[in-house]
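Please look at the sequence and the structure before reading on.

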Amino acid sequence: MKVAVVGGGIAGLWTALSFRKVEVVLIAPDDPSYANTFWAQGGIAAALDPNDSPLFHYEDTLKAGAYFNDKRAAMVLTHYGPTVVNKLVQMGFRFNPRPHLEGGHSFPRVWNVGDETGRKLMEFLYSKAKDRVERVEAYVKDLIVDRGKVVGVRLGNGRDIEANAVVLATGGYAALWERTSNPPGTVGYGILMAGKAGAHLTDLEFVQFHPTVSLTDPPVLLTEALRGAGARLVNDEGRDVVNPLLPRDIVARAIYNYRKKYGPVYLDLNRVDMDRFPVAKRLYDRYGPRIPVSPAAHYSIGGVKTDLWGRTDLKGLWAVGECSATGAHGANRLASNSLLEALVFGYRVALDIENDILEWPRFKFLHEEEMDIAEGEEDLMKIKKVMEDVAGVERDGEDLRRGLEEIGGMGGSGNLARAILEAALWREESRGVHYRTDYPRTSDSFSGRLGVRFKTIR
Ligand SMILES: Cc1cc2nc3c(=O)[nH]c(=O)nc-3n(C[C@H](O)[C@H](O)[C@H](O)COP(=O)(O)OP(=O)(O)OC[C@H]3O[C@@H](n4cnc5c(N)ncnc54)[C@H](O)[C@@H]3O)c2cc1C
């Protein structure tokens, strides 16, 4: 049996390393910095302290997610947390001895290597994979589907790789916005590929904006852990703008609105022991203790719909990490739950594939949208401008409709951008990170999910 794992971030590397019995090929571009994982700072959330509990972590996850979470997925995420983090430690990864406290967590449980956790993780996982996993340095252009089953991948150079199972670990789509914390290529190609092949996508309207991305050139994400370590959010006069430890969506909206009405907001690092945060310290040394910040598109909650084993509803295809939508995060991801999600579900995907799969899930949605696929060129610069303009921290119907008109019949990533805008337009309510100024309340009529599927020849 042969498995093709697509993507070289934490989800792809960890999943590839989790197989025991099968032949695995890992397909990803050679540059590790293309992956969001490389840039991850704060760490991995897991309840390891005897005074903490996976149940408290679960409750925090639901609360941050505005109780829109798939409860079983959130339960799996938080209760497998200690196991996978311990596994990393057993494999030789060294975390700092003290976990961070981050916004929305009721206990310090974010295991880290200062604010360089992602880079250290990538170095570690690459070194482990070097001798154990076959690598192909390439981009995947398409999934190969035969009679309703994924049977391999087509590379950018036209070469086909056949596989009995394909695992997508291709990351999210937050770089479809102009102002983003993600590397520029994080535009959801893998998600679009799965959608075009016939898998359901969901939760596309839920995009998390990180509240504290510096207004410097280049912009730098200032980790939530800084706020846990005493950083404040202040105005020109040094007065507090918002409680820095509230969940991300609330802090992001507060900063967005303060800036719109009154003026700049700064992350004040005066009370922080900067030696613990090398990335932030470089900014501190250059700009001083008060760094101007504003929200930026950061994390894609939506993606390819999966069950608790990472199975999509397209036979032969699994998805894991940021490209997947397990439902664990609900309407807003709790800080440092995404690296954890990649570890927990990556392990389960490998376990699932190594056992016989007898049935594939059929997902039920509150509403389904079938969308046409436009072929032709994409204009990424234009997409980024439009998304920034109409689908930011706050949206409304009029702007979203204008955005759809501006994207028009654009091909490539234009298809995913249209799906995101349609999803945001459909959800006539505010919930978690999705805030509609024309529908500022949460509505019982939208208590379920939208499933998006592209029209395709099946
Ligand atoms: C600045 C920053 C800080 C963050 N801090 C934290 C944190 O502290 N804690 C936390 O939990 N989360 C954090 N996150 C989020 C977290 O980093 C991501 O959710 C997580 O790393 C996603 O991992 P992934 O493996 O799913 O995707 P990625 O790490 O993005 O990897 C995707 C991989 O797929 C490859 N790929 C894409 N398309 C193709 C294709 N068509 N063919 C082949 N390969 C392809 C990419 O090149 C890349 O190698 C942060 C994110 C950012 C940007």
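In which sense do strand β12 and β14 pair, and over how many bridges? Strand β12 (residues 232-234) and β14 pair in the antiparallel sense, over 3 bridges; here helices (H or I, at least four residues) and strands (E, at least two) are DSSP runs numbered from the N terminus, and two strands are said to pair if DSSP finds at least two bridges between them. The model is a predicted one, in which local features need pLDDT of at least 70 and side-chain atom pairs count only at pLDDT 80 or more, whereas totals for chains, interfaces and linings use all residues. Residues are numbered from 1 along each chain as its sequence is written, and side-chain values use heavy atoms, with hydrogens and water left out.

**Strands**

β14 also pairs with β15 in the antiparallel sense, over 4 bridges.

An open sheet is formed by 5 strands in the order β5-β2-β1-β9-β17, with parallel pairing. Its edge strands, each pairing on one side only, are β5 (134-137) and β17 (317-319). From one strand to the next the twist averages 20°, with axes taken as lines fitted to C-alpha atoms and angles running from 0 to 180 degrees between N-to-C directions. Strand β1 (residues 2-6) and strand β9 (residues 165-168) run parallel and are joined by 4 bridges, and V5 stands opposite V167 in β9. In the loop between β9 and α6 (189-197) lies G172, which counts as buried because its relative accessibility is 0%. The C-alpha atoms of G172 and V5 are separated by 16 Å, although the two residues are 167 apart along the chain.

**Ligand surroundings**

Around the ligand there are 36 residues, of which T37, G42, G43, E322 and S338 come nearest; a residue is near a molecule if one of its heavy atoms lies within 4 Å of it. The table gives polar contacts, defined as pairs of N or O atoms within 3.5 Å; within protein, one must be able to donate a hydrogen and the other to accept it, and residues adjacent in sequence count only if both atoms are side-chain atoms.

| Residue and atom | Ligand atom | Distance |
|---|---|---|
| A11, backbone N or O | oxygen | 2.9 Å |
| R333, side-chain N or O | nitrogen | 3.4 Å |
| L339, backbone N or O | oxygen | 2.9 Å |

Taken alone the ligand exposes 1,000 Å², and the protein buries 96% of that, with accessible areas from the Shrake-Rupley method with a 1.4 Å probe and, for residues, only the protein chains shown counting as cover. Two or more residues of the shell around the ligand are given by each of α1 (10-18), β2 (23-28), α2 (36-39), β15 (290-300) and α10 (338-353). The largest share, 3 residues, comes from α2.

**Helices**

Helix α13 (residues 413-426) has 14 residues and reaches 20 Å from its first C-alpha to its last, close to the 20 Å expected at 1.5 Å a residue, the expected span being 1.5 Å times one less than the number of residues. Of the 14 residues in α13, 13 are buried, and the helix is mostly covered. The 16 residues of helix α5 (residues 117-132) should span 22 Å at 1.5 Å a residue, and the end C-alpha atoms are 23 Å apart, which agrees. Among the buried residues of α5 are L121, L125 and A129.

**Backbone details in loops**

R147, in the loop between β6 (140-146) and β7 (149-155), has a positive phi of about 45° although it is not a glycine. R147 is exposed because its relative accessible area is 79%. S336, found in the loop between β18 (324-325) and α10, likewise has a positive phi, near 65°, in a residue other than glycine; S336 is buried, with a relative accessible area of 7%. The peptide bond from D217 to P218 is cis, with omega near 0°, and P218 lies in the loop between β11 (207-214) and α7 (224-228).

Definitions and conventions. Buried means under 20% relative accessible area, exposed over 50%, partly exposed in between (1.4 Å probe, protein chains only).
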